[in-house]
Amino acid sequence: MSTAHSKKASAFLKNKDYTAWHDGTFWSVREKRDRMAAGLPEWEQLRDKASAIKRHTLSHLADYLEEFASNAEKNGVIVHWAADAGEFNAIVLEILRAHGVRKMVKSKSMLTEECGMNPFLEAHGIEVVETDLGERIIQLKGQKPSHIVMPAIHLSHDDVGRLFEEKGISDDIGNHDPTYLTWRARLSLRGEFLSAEAGMTGANFGIASTGDIVVCTNEGNADMSTSCPKLHIAAIGLEKIIPNYDSLAVFQRMLCRAGTGQPTTTYTSHFRGPRPGGEMHIVLVDNGRSSWLSDEDHRETLKCIRCGSCMNTCPVYRRSGGFSYSYFIPGPIGINLGMLRSPKDHSGNLSACTLCLSCQSVCPVKVNLGDQIYRWRQQLRDFGTYNMGKKMLSDTLSLGYGNKGLYDTATALFPAANIIPESVIPFRLRFPKKPFHSLIKELEDE
Amino acid sequence: MRVGLFIPCYVDAAFPQIGVASWKVLRHLGIDVTYPKGQTCCGQPMANGGFENKAVPLAVKFEKLFRDYDYVVTPSVSCAAFVRVNYPNLVKEECLTASKAMDIVEFLHDVVKPVGPLGSFPYKVSIHNSCHGVRELGLSSPSECNIPQFNKIKDLLLLKEGIKVVEPERKDECCGFGGLFSMEEKAVSEQMGADKIRRHAATGAQIVTGPDASCLMHLSASAKRLGINIGFKHVVEILAEGL
């Protein structure tokens with residue numbers, strides 16, 4: 001009864017030391033987050049408020065989108081609407097071509113990963129340089145992110161050191177000191193910032209009342225990407241819109257505390273319009289979101305602010321790693337987003353959950369991640385992606401439990417199962433001679 | 001106050017002593033308890049595995065057997081939580097059992113409110129806070145939440161004289177059982193079980209106790225695999241000790 005996820009998880013777990021390190025690293029982020037949450041007496045109220053703001057915004061999304069777009073246009077921003085990944089990529093390519101761009105620097109954006117933008121632009125002769133250090137590392141390595149906030153966390157200093165030597169970024173061979181490597185990365189990126197003709201950012205929030213976008217980074221790379229080149233393109237998913245600055249204050253207090261256990265990101269950058277003599281474009285991307293909004297069972301997923309805290313707390317993610325999931329976003333939120341994207345391709349992740357519900361207790365915006373995984377499992381029959389072994393077991397259990405005669409016979413026979421070796425049954429189950437429903441007769445007489 | 005005792009399938013077949021202990025504790029505290037005949041399973045294993053439709057006939061049957069009691073009490077948090085959270089969707093007609101179902105720890109703590117002492121138990125025990133007890137029934141404050149700390153299991157255990165109660169590091173991280181999860185994700189499940197039992201053992205406790213025998217069953221397998229010598233008892237078995 002294995003699944004796509006469990007097969008990869010099993011391979012991941014072969015290296016016990018690495019698994020223990022991986023688990024411990026993310027647990028320590030969870031602990032930092034706990035200390036931050038404990039430091040705000042109003043933490044649980046903030047979660048309620050954040051959830052309510054997201055629900056409100058999502059249920060009035062069309063209005064807020066219009067308000068956002070019209071305010072952004074008033075600020076001199078050129079606003080585009082992309083129905084899907086293909087349209088998004090085409091819009092970006094068109095803007096870049098119109099400006100004769102050959103190289104674009106880019107700060108972190110999971111949306112461009114979702115749309116497959118980098119390979120698309122590269123196929124059209126445009127170089128895209130990631131400027132978030134973690135993203136840059138995995139770009140050079142030709143890998144996908146293993147975590148949405150800490151994309152290269154799966155690599156060690158030595159992995160990065162060897163990679164930088166191979167790519168000519170560092171020349172002090174064997175020096176894998178993180179400070180040295182960071183310095184070399186900074187030098188290398190500085191050149192990229194200065195020679196790029198365009199800069200792209202994602203957005204953590206779009207403020208409807210002002211038309212601003214807000215980008216939170218720890219490295220200042222969004223600011224470098226937008227203050228060197230004259231052309232700024234921001235890619236933003238429809239669900240990132242929030243009503244106003246009051247609501248931003250709620251999310252800004254929670255995002256980084258929940259995600260990395262810091263009181264705030266080092267840089268919280270607000271972009272309202274183009275630089276003098278420059279151009280600013282915002283591309284609002286749907287790519288499935290409006291149809292997910294109409295899915296009553298799963299629309300809560302759209303409340304997510306991509307802090308990554310559900311991954312850090314998930315006992316399965318910590319012990320199986322980001323690459324054990326088939327969708328590019330792993331962990332509890334990734335299981336759910338993958339199912340929204342394509343149940344056929346991503347049903348194999350649904351096993352990666354004990355329903356412990358730690359994810360939804362951690363989530364700063366109260367997305368009911370575990371409850372939704374339970375619901376998705378019920379829908380596998382409709383998708384034709386359920387596990388036959390599991391179905392047969394459930395059928396048998398249901399038959400046995402539904403018929404008292406059968407149940408009594410089976411439980412009377414269970415002690416015979418004691419001879420089954422433990423290699424077959426993964427947990428120790430040793431049956432006593434008499435079940436409770438036989439013992440009760442004596443108890444009732446006492 | 002009439003209480004219907006629900007002894008879940010796996011407790012009935014594999015851990016009847018937990019049923020006996022539940023019966024003894026409730027009777028000792030003067031509760032009018034009945035064990036309705038014909039009960040089997042609440043349907044949780046199939047539903048959590050994705051076959052809720054297979055749980056529907058069991059839910060309907062459960063509702064019929066237990067609906068006339070004032071409380072439905074069971075020594076298993078995940079079963080109590082399943083009835084409370086999911087039965088309103090499964091039993092199409094009016095569902096009374098969802099609001100009446102209580103885990104025995106919750107029932108003793110919130111309804112019966114015994115004042116000690118309740119006999120003695122001179123051992124050091126480490127509490128296993130089962131996920132559905134913590135996050136669905138509220139037996140203790142979830143470590144994720146910034147709310148006042150409490151633990152109803154601990155409150156009850158402290159009614160025993162001579163007991164020393166501790167919690168492991170990562171006090172409410174999942175043990176990795178998860179029903180069909182333990183079969184589908186065998187490798188992760190075993191790793192979680194190993195990590196969890198090591199943390200329980202590190203407290204120096206002689207016994208691991210919890211409100212759900214399925215977690216304890218999983219942990220005892222992990223202990224055996226690792227050669228860790230530690231005992232396992234359901235909370236209600238400790239409460240019943242010496243009564």
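Q: Two strands pair if DSSP finds at least two bridges between them. With that in hand, which residue in β3(B) is the bridge partner of V3(B)?
A: Some housekeeping first: this is a predicted model, where local features need pLDDT of at least 70 and side-chain atom pairs count only at pLDDT 80 or more, while totals for chains, interfaces and linings use all residues. Residues are numbered from 1 along each chain as its sequence is written, and chains are lettered from A and ligands numbered from 1 in the order in which they're written. Strands (E, at least two residues) and helices (H or I, at least four) are DSSP runs, numbered from the N terminus. Strand β3 (residues 71-74) of chain B pairs in parallel with β1(B) over three bridges, and there the partner of V3(B) is Y71(B).

Q: And which residue in β2(B) stands opposite V3(B)?
A: Look at strand β1 (residues 2-5) of chain B, which runs parallel to strand β2 (residues 32-34) of chain B, with three bridges joining them. In β2(B), the residue facing V3(B) is V33(B).

Q: Which element gives the most to the side of domain 1 of chain B that touches domain 2 of chain B?
A: Chain B has domain 1 (2-112) and domain 2 (124-240), with bounds from an automatic or database domain assignment. Their contact takes 25 residues from domain 1 of chain B and 22 residues from domain 2 of chain B, counting two residues as in contact if their C-beta atoms, placed from the backbone, lie within 7 Å. Elements giving two or more residues on the domain 1 side include α1 (9-14), α2 (16-28) and α5 (77-90) of chain B. With six residues, the one that gives the most is α2(B).

Q: How many residues of chain A and of chain B does the contact take, and which helix of chain A gives the most?
A: The contact takes 57 residues from chain A and 53 residues from chain B. On the chain A side, the most, eight residues, come from helix α20 (residues 388-402).

Q: How far apart are the axes of α9 and α10 of chain A?
A: Residues H157(A), V160(A), G161(A) and F164(A) in α9(A) meet P178(A), L181(A) and R184(A) in α10(A). Helix α9 (residues 157-166) and helix α10 (residues 178-195) of chain A pack at an angle of about 35°, and their axes are apart by 10 Å.

Q: What ipTM does the predictor give the complex?
A: For chain B, pLDDT (the predictor's confidence in each residue, from 0 to 100) averages 96, and 100% of the residues score at least 70. For the complex, the pTM is 0.94 and the ipTM is 0.96.

Key: Axes are lines fitted to C-alpha atoms, for helices over the stretch in contact, and angles run from 0 to 180 degrees between N-to-C directions.
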